[in-house]
Amino acid sequence: MAGSSAVTLFVDPLTYHLERDALFDARNTPRSGERILEPYVHLRNWLAERGVATHTGDMLASGSVPPADLNLYATMGIRSRYAQFARRPDTVLSAFFVNECPIVEPRLFGGLPDASRSFRRMFSFAGDEAMQPFLPEPISFRPFRYPYPFDSVIETAWRKEDRGFLAIINGNKVPRLQTEELYSERLRAIAFFEGHGEIDLYGVGWDGPPFRVGETRMPRSLRRLAYLAERSWDRARPASDPLLASARRAYRGPVESKSSTLSRYAFAICFENMAMQGWVTEKIFDCLVAGTIPVYLGAPDIEDCVDPECFVDMRRFSGYDELRAHLHGLSPAEVRAYREAGREYFTSPQFRPFTKHAFAEIFGRIVAEDAGVAV
């Protein structure tokens with residue numbers, strides 16, 4: 001396949017901001033994390049070495065790049081154009097990747113049956129059983145892990161010694177659904193430790209009202225105007241919610257670098273958006289690469305994915321009083337053991353599914369199966 005243009009892979013990103021091949025430029029780093037696009041840069045380079053070009057899906061739709069003899073299409077989130085591609089005889093709808101949990105994007109889950117009838121493969125962090133309660137009808141999913149950009153700890157962050165006690169990095173958001181949500185649990189954690197003057201909160205939106213995540217029928221422009229109006233009203237009066245008031249007292253502003261910010265703390269509250277089997281995101285890895293010990297709550301099967309010696313499992317404690325006593329009671333040697341386990345984890349087989357290499361190999365198998373070529 002070297003030098004051949006017979007097959008091109010088109011991948012739609014999570015957001016329209018990364019169209020026109022911006023998905024494959026590591027300089028286009030969204031707020032969600034450092035070097036977050038590196039797995040896509042790696043994917044494109046890895047496939048190019050094997051004779052397969054890669055572009056974002058809009059480049060096929062607009063004709064910005066010539067179609068190949070066979071176009072393979074996958075989406076990581078955008079769903080607006082796959083019906084159009086399904087009508088093209090030169091295009092195979094190869095893979096649909098579910099990257100948002102059901103309480104964040106219930107409309108996405110409502111549309112998954114239609115997608116499953118169009119795409120050859122459906123991928124999800126969570127397995128069929130965990131996904132089923134949120135779907136209108138049964139769907140079979142293949143497993144994948146959202147790729148993490150770092151393959152090892154960030155040494156300059158990890159080695160930092162002079163650390164404060166506890167931090168949390170999250171935006172001020174609320175979910176569409178309440179099922180197994182952990183947004184409110186984060187607020188309770190912040191309020192408890194803020195009461196002791198022991199937590200620093202970072203992120204966006206904490207100087208205004210919470211933003212409700214997920215798609216709605218209302219256009220984005222109108223949602224933005226409604227939020228700005230609510231924000232103006234919110235600024236004119238003190239917070240009535242005691243949890244939000246606590247969060248604002250703990251708020252220290254946005255961050256440019258998660259690793260640099262987390263490296264200033266020994267521990268970090270690390271709660272997923274919801275408790276769902278298999279739903280492990282980048283949050284715990286952001287802590288580990290910085291040498292910060294995560295206090296984790298989320299996926300019930302987290303120990304299948306991450307070495308339990310790396311993190312403090314919130315489920316072990318009856319409440320925040322007991323957690324606080326445990327954190328303060330750890331000896332320097334015990335803290336070092338957590339941190340060293342985090343370093344070693346990145347070299348373990350458990351972490352391999354989360355790497356950019358494993359991510360590229362998934363697409364390699366897709367190309368091999370759908371185009372009938374070895375990559």
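1. In which helix is Ser 259 found? Ser 259 sits in helix α11 (residues 258-262), where helices are DSSP runs of H or I with at least four residues, numbered from the N terminus. Please keep in mind that this is a predicted model, in which local features need pLDDT of at least 70, side-chain atom pairs count only at pLDDT 80 or more, and totals for chains, interfaces and linings use all residues. Residues are numbered from 1 along each chain as its sequence is written, and side-chain values use heavy atoms, with hydrogens and water left out.

2. Is Ser 259 buried or exposed? Ser 259 is buried, at a relative accessible area of 7%; buried means under 20% and exposed over 50%, with partly exposed in between (1.4 Å probe, protein chains only).

3. Now for its neighbours. Leaving aside residues up to four places away in sequence, Ser 259 touches Glu 34, Ile 154, Ala 157 and Ala 290, contact meaning heavy atoms within 4.5 Å. Val 153 lies 106 residues from Ser 259 along the chain, and their C-alpha atoms are separated by 9.7 Å.

4. Next, have a look at the largest nonpolar core, which has 61 residues. A nonpolar core is a set of buried Ala, Val, Leu, Ile, Met, Phe, Trp, Tyr and Cys residues joined through side-chain atoms within 4.5 Å. Phe 363 is one of the members that touch the most others. Among its contacts, not counting residues up to four places away in sequence, are Leu 9, Leu 43 and Phe 97.

5. There is also a second, separate core of 31 residues, including Leu 187, Val 295, Phe 317 and Leu 327.

Notes
Helices (H or I, at least four residues) and strands (E, at least two) are DSSP runs, numbered from the N terminus.
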